[in-house]
Amino acid sequence: MEKKNEIKLERKLNPMNVWALALGSIIGWGAFVMPGTTFLPKAGTLGTVIGMLLGACVMIIIALNYGYMIQKYPVAGGEYTFTNNTLGKKHAYVCGWFLGLSYLSIVPLNATALGLVSRKLLGGLLQFGYMYTIAGWDVYAGEVILASAALILFAIFSIKGISVAGWLQTVMVLALVGSVLVLCVAALLSPESSASNLKPAYPEGTSSFAAIVAIVAVAPWAYVGFDSIPQAAEEFNFSPKKANVIMILSILFGAFVYISLNTITASVLPWQEMLDKNYDWPAGEAVEIIMGKFGLLFLGIALICAVLSGIIGFYMAASRLLYSMAKEDALPAWFSVIDPKHKTPKNSILFIMIISLLAPWFGREVLGWIVDMSSIGAAIGYAYTSFATWRTLKANPQDKKPLLKVTSIVGTGLSLVFVVLLVVPGMPSFLSFPARICLVVWIILGVIFYAVDKKRKELR
């Protein structure tokens, strides 16, 4: 008799679905607010363009390593699977533990962003039922209800089948890209925007080098999401060899969206003057100046699609990671159960939903600490994949790929630099004190879970 966990995932994702999965995961709420909070204040207009393009180049180098490993291991699990097959279970557990939190935290981060969307576009329509304040963030029943409804709804879509989730993701990402293109054309044609407003190229008092480095430092986390592609490898209905091109295109489109939104924001007024006005949402203000309320409609469509596609994308990535870890006995077998009708890892999706439903009650600020800390998971995943590529090439000398030997070494080194940027005081991306506390707690929990799980296996 066939066991439930022997039911296979279905191969129903086409290249467009996978591209949409990655781009929808890359572009979230941050792309719409970073022009006012990070890009322009730290790097100006040209500094942001150069920094984001350099960051994209770095990600493409790492993506080439992912592409090779996907061809070697075209199954769910991504970085965890690569590490497990080349470095063993202990390293795979470290990789999976940190990467799991990175994926898990982004699901509720996108869901709670819906409340922010309502604050920006609907005048705080859902700010009713004030409950309490945590770390300076007011928690409202209306926003908790909205986030919870989205989490439950998209969990249902994710369970209903990968083809349903893939179709939804594709529609929303095409709407996202289309809306940004409309805004770009409007900015180019509008008499309200001017190239002269893009000057100075860098913030006053900041060198071009410092400005560019500040953006390159955040690029690894800005582009998190392309690595959701290997998580879905077992569900491709096409050759894994195409994954390289899909990942590169998702990164390049991500760079286009980031740079476009930043440039549009800076084009309507001299951008330093705009920042001095302390608008709540500079990007929204710029679009309204260019196109009026009609422009805010397109911006709202792009923003909502970015948020919702992020929920679907990371539901998929996180659930496939948990499913893969359970298949390798790193997690309880319950996580590896496949729904017999829809052929999706239902239990893993339900677990992510339940954990995510807790997050809105703690407020956006606390969730932000966890997300900041979990950024280290992405860097660890990049490092392990790049090093696994080097090990795999060494074990397979018949694979004559000199370029990949270089990218595997460079990718490993750059990934470790990203870790240093997060954990070394004085670095541009050094974690805040609350985020460092969260990191220590997560490491302790990981050690405890590993010890308990090891004991469980010994007693079986």
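Reader: Angles under 35 degrees count as roughly parallel, over 145 as roughly antiparallel, 65 to 115 as roughly perpendicular, and the rest as oblique. At roughly what angle do H2 and H13 cross?

Author: This is a predicted model, so take the values as computed from it. The axes of H2 and H13 cross at roughly 55° and come within 9 Å. H2 and H13 are therefore oblique to each other.

Reader: Left-handed or right-handed crossing?

Author: Left-handed, for H2 and H13.

Reader: Which residues meet there?

Author: From H2, Met-59, Ile-62, Asn-65, Tyr-66, Tyr-68, Met-69 and Lys-72. They meet Gly-381, Tyr-382, Thr-385, Ser-386, Ala-388, Thr-389, Thr-392 and Leu-393 in H13. By class, this contact of H2 with H13 has 8 nonpolar, 6 polar and 1 charged.

Reader: Now H14. At what angle does H2 pack with it?

Author: About 120°, with the axes of H2 and H14 9 Å apart. H2 spans residues 30–72 and H14 spans 402–423. That pair is therefore oblique: H2 to H14. The crossing of H2 and H14 is left-handed.

Reader: And which residues of H2 meet H14?

Author: Val-58, Met-59, Ile-61, Ile-62, Leu-64, Asn-65 and Tyr-68. On the H14 side they meet Leu-404, Thr-407, Ser-408, Val-410, Gly-411, Leu-414, Ser-415 and Phe-418. The contact of H2 with H14 divides into 10 nonpolar, 5 polar and no charged residues.

Reader: Take Ser-415. Buried or exposed?

Author: Ser-415 is buried, because its relative accessible area is 0% and the cut-off for buried is under 20%. Ser-415 sits in helix H14.

Reader: What does Ser-415 touch, leaving aside neighbours within four places in sequence?

Author: Ile-62, Ala-379, Tyr-382, Ala-383 and Ser-386.

Reader: Which helix holds Ala-379?

Author: H13, residues 363–395. Ala-379 counts as buried, at 1% relative accessibility. With neighbours within four places left aside, Ala-379 contacts Ser-415, Phe-418 and Val-419.

Reader: How far is Ala-379 from Val-94 in space, C-alpha to C-alpha?

Author: Ala-379 and Val-94 are 12 Å apart in space, and 285 residues apart in sequence.

Reader: New topic, the core. How many residues are in the largest nonpolar core?

Author: The largest nonpolar core has 145 residues. Ile-27, Phe-32, Tyr-223, Phe-226, Tyr-258 and Tyr-315 have the most contacts inside it. Helix H11, residues 293–327, gives the largest share of this core, 20 residues.

Reader: What lies apart from that core?

Author: Another core, of 5 residues. Among them are Ile-7, Leu-9, Ala-76 and Tyr-323.

Reader: Pick Tyr-223. What does Tyr-223 touch, not counting residues up to four places away in sequence?

Author: Ile-26, Met-52, Gly-55, Ala-56, Met-59, Ile-251, Gly-254, Ala-255, Tyr-258 and Tyr-382. Met-59 is also one of the H2 residues that meet H14 and one of those that meet H13.

Reader: H11 came up. At what angle does it pack with H5?

Author: About 50°, with the axes of H5 and H11 10 Å apart. That makes H5 oblique to H11. H5 covers residues 141–160. The crossing of H5 and H11 is right-handed.

Reader: Who meets whom there? Which residues of H5 and H11?

Author: Ala-150, Leu-151, Phe-154, Ala-155 and Ser-158 in H5 meet Leu-308, Ile-311, Ile-312 and Tyr-315 in H11. By class, that contact of H5 with H11 has 8 nonpolar, 1 polar and no charged residues. Tyr-315 is also among the residues with the most contacts inside the largest nonpolar core.

Reader: Last one, H10. Which residues in it are buried?

Author: Pro-282, Ala-283, Gly-284, Ala-286, Val-287 and Ile-290 are buried in H10, which runs over residues 282–291.

Reader: What covers the buried residues of H10?

Author: The cover includes H2, helix H6 (162–189), helix H8 (243–267), helix H9 (271–276) and H11.

Reader: And what follows H10?

Author: Gly-292, with a positive phi near 75°.

Technical notes
Residues numbered from 1 in each chain as written. Predicted model: local features only at pLDDT ≥ 70, side-chain atom pairs only at ≥ 80, totals over all residues. Heavy atoms only, no water. Core = buried A, V, L, I, M, F, W, Y, C linked by side-chain atoms within 4.5 Å. Buried < 20%, exposed > 50% of the residue type's maximum accessible area, 1.4 Å probe, protein only. Helix = DSSP H or I, 4+ residues; strand = E, 2+ residues; numbered from the N terminus. Contact = heavy atoms within 4.5 Å. Axes fitted to C-alpha atoms, helices over the stretch in contact; angles between N-to-C directions. Left-handed = near helix turned anticlockwise from the far one by under 90°. Nonpolar A, V, L, I, M, F, W, Y, C, P; charged D, E, K, R; others polar.
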